[in-house]
Each structure stands twice: as structure tokens, then as C-alpha cells.
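Student: Could we go through this model together, helix packing to begin with and then whatever else comes up?

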Amino acid sequence: MALVGAGRMAQAHAATAAGIAQVDVVAVYDALREPAEHLAERIGARVALSLDELLGASDVEALLITTPTPTHADVICSGAEAGKAMFVEKPLADTLAAADRAVDAVDAASVACQVGFQRRYDPAYIEAKRRIESGEIGRIEGFRGVGRDPQPPALEFLLTSGGLFVDMGIHDLDSARFLVGEVATINAIGAATDPRLAEHGLFDMAVATMRFVNGALGTLEVGLRTAYGYDIRAEVLGQHGRIHIERDIQHHMLVYTSGGVTHDRPQSFAERFAEAYAAEIRSFVHAVRHDLPVTPDAHDARESLRLALAAQQALVTGREVVLVPTA
């Protein structure tokens, strides 16, 4: 395996991949040489001078892509043409046109392309989906998602991220599709509590409302500034009950003192979803080694991107976006 990109997500995935017996991370490429050298030294890999060098390397069977979102489609197309299996961090691309190019390239080359929606590999989300599909809570009537980061990324990143729903909210929107189904219509409102973001037309808070194809209603709250830590929740309401996913306690430990009862809560996605991040990479490796389908694949990820782009459009324009016309 080779790493394309050497930033924060590459470092996290590299640690996971290096711990899998069937994986040898042999090379790292990044447009910036210094982070590539640091990561390569840490994991015992070589530094590639170009993407073409990686694509032509006979010892590289798969790519783990964590480059900036606007570059995803081009890297995927090049990787597919070279016959490489690929794991790419979400989102699949920054536009639907770019996503379609990536999907077409993957299909034409018949290569694996898994997209990093790690919540689908979290034990709680897996169990929730099993119970929903078993009919335990009956007909699904509602969905509520909450996604709040402790602090926003750098402004430079936000300016090219595609917007709040495309970069961050897409995880919650993918979870909504995973647990409930496809969305027919979506509306959104938002605000910028940071004047620097407002100057660029960016938002750090937003709320979306959705109507699913199956008739269920849904809401999603996203934010980039939460003083108490990383706050991720998903709730599905059925006619016979409710499933609520939330990890409020990081270490499964409560501390009792004269001042009351306290506990730590997750402070980052790496803490909250460490098990899921490892599971998705292991699943990708297993699928590639045994020629099995990957999930979510490029087609599935395109639909989550389509929903996220619709949410962002609704946020910016203040108008409802229809994804699936209904009678």
C-alpha cells in the first residue's frame, strides 16, 4: 500500500495500516515534501517524488488517498487507470461532475474504491442498523443527527472544504442514509458566530430538515465550536421505539468526589471513532485481498455527496432542494 497525502488523516490511517499483518506500507507521496518525509520515516516507507512514480511502482497494489478534497477525483482517475485498488477519505469529490468522473473511471477499470465513512463501521451504528432492519422499532418515522466539533479547522482549509455540510455534515448525512434511507427534500439555515467566517460567506452553525423517501422526517444540527468536546449523536424514531447513539463518556469511567460526579468525554473524531477507523481499513484490505466488494463504494459515496451538496445549496440559498420528486 502507498499513502497519497501525508496530513492528519494519513497519519491516523498509516498507524492502522501498519498494524495489519497483511499490509506493508511501502511509500508515501505528498505535494509537500517535508510532511511526506516525516511520515515515511515514522513508518519505515520510502518517499515518492511524484504520483506517477507511485502509480508505476510494481510493489504498490493499493492507494490510501487523503489529499485535499478538490484533488480526489483526479487521483482516483489516475489510480484507476493504473489498476490500483483505492481507499479515499470522504468526500468522494468536491462536485458531482468530478464524482461522476471518478465513478466512471473506477467502473471502467473494475478496481475497488472504498470511501471513508467510518461510522458505518462503528459497532453502535452497525447494531442500530441491524435492529432497524429487523423491524424491532417498527416503521421508521424520524431521524435526528448532531455533529459538533470542539473547534473549527484553519480558515485556509475551510475556504476549500466545500462548506459545512460537505466537509463535516456529510458524515451525519451518510449516517441518515445508512440508517433510514434516501432523502427526498432538504432545507437548511445557518449562522456564522465567527466574523472571519462571515466575511467569506462561511457558516460555523447550521440546521437542516429533511423528508425521506419513506416518509420519515429528519433534522441535523452541525457546528464547529463546542466547548465541552466532540459531540456526535444519531437517533432513529420508530412507531414502536427509539434508537439513540451517543458516546458521552470517553473512558467508561465516572469519578465521584465531594464536588460531584465527573467524567471525560471524547475530544476528537480520532478518540470517538478509533475502533471504526481501524475496522474500515481492515475491511478494505480483506475485500481487496479476497476480491470482494468494498463498502461504501464510489456509487454509494456519490449519493452521500449529492445529499451534502444539496444541503449546502439549501444553506446558501435559503431554498428547499428536491433530490427525489414525490407525488
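Student: What is the handedness of the crossing of α8 and α12?

Tutor: The crossing of α8 and α12 is right-handed, where right-handed means that the near helix is turned clockwise from the far one by less than a right angle, and left-handed that it is turned anticlockwise. Helices here are DSSP runs of H or I with at least four residues, strands are runs of E with at least two, and both are numbered from the N terminus. Bear in mind that this is a predicted model, in which local features need pLDDT of at least 70 and side-chain atom pairs count only at pLDDT 80 or more, while totals for chains, interfaces and linings use all residues. Residues are numbered from 1 along each chain as its sequence is written, and side-chain values use heavy atoms, with hydrogens and water left out.

Student: At what angle do α8 and α12 pack, and how far apart are their axes?

Tutor: Helix α8 packs against α12 (residues 298–317) at an angle of about 125 degrees, with the axes 8 Å apart. That makes the pair oblique, because angles under 35 degrees count as roughly parallel, over 145 as roughly antiparallel, 65 to 115 as roughly perpendicular and the rest as oblique. The axes are lines fitted to C-alpha atoms, for helices over the stretch in contact, and angles run from 0 to 180 degrees between N-to-C directions.

Student: And α8 itself, where does it bend?

Tutor: It bends at I170, by about 60 degrees, the bend being the angle between axes fitted to the seven residues ending there and the seven starting there.

Student: Is α8 mostly covered or open, and what follows it?

Tutor: Helix α8 is mostly covered, with 16 of its 16 residues buried, where buried means under 20% relative accessible area, exposed over 50% and partly exposed in between, using a 1.4 Å probe and protein chains only. After α8 comes G181, whose phi is positive, near 135 degrees.

Student: What about peptide bonds, which of them are cis?

Tutor: One of them runs from K90 to P91, with omega near -10 degrees, and P91 lies in the loop between β5 (85–89) and α5 (96–109). Another joins T295 and P296, with omega about -5 degrees, and P296 is in the loop between α11 and α12. For context, most residues other than glycine have a negative phi, and most peptide bonds are trans.
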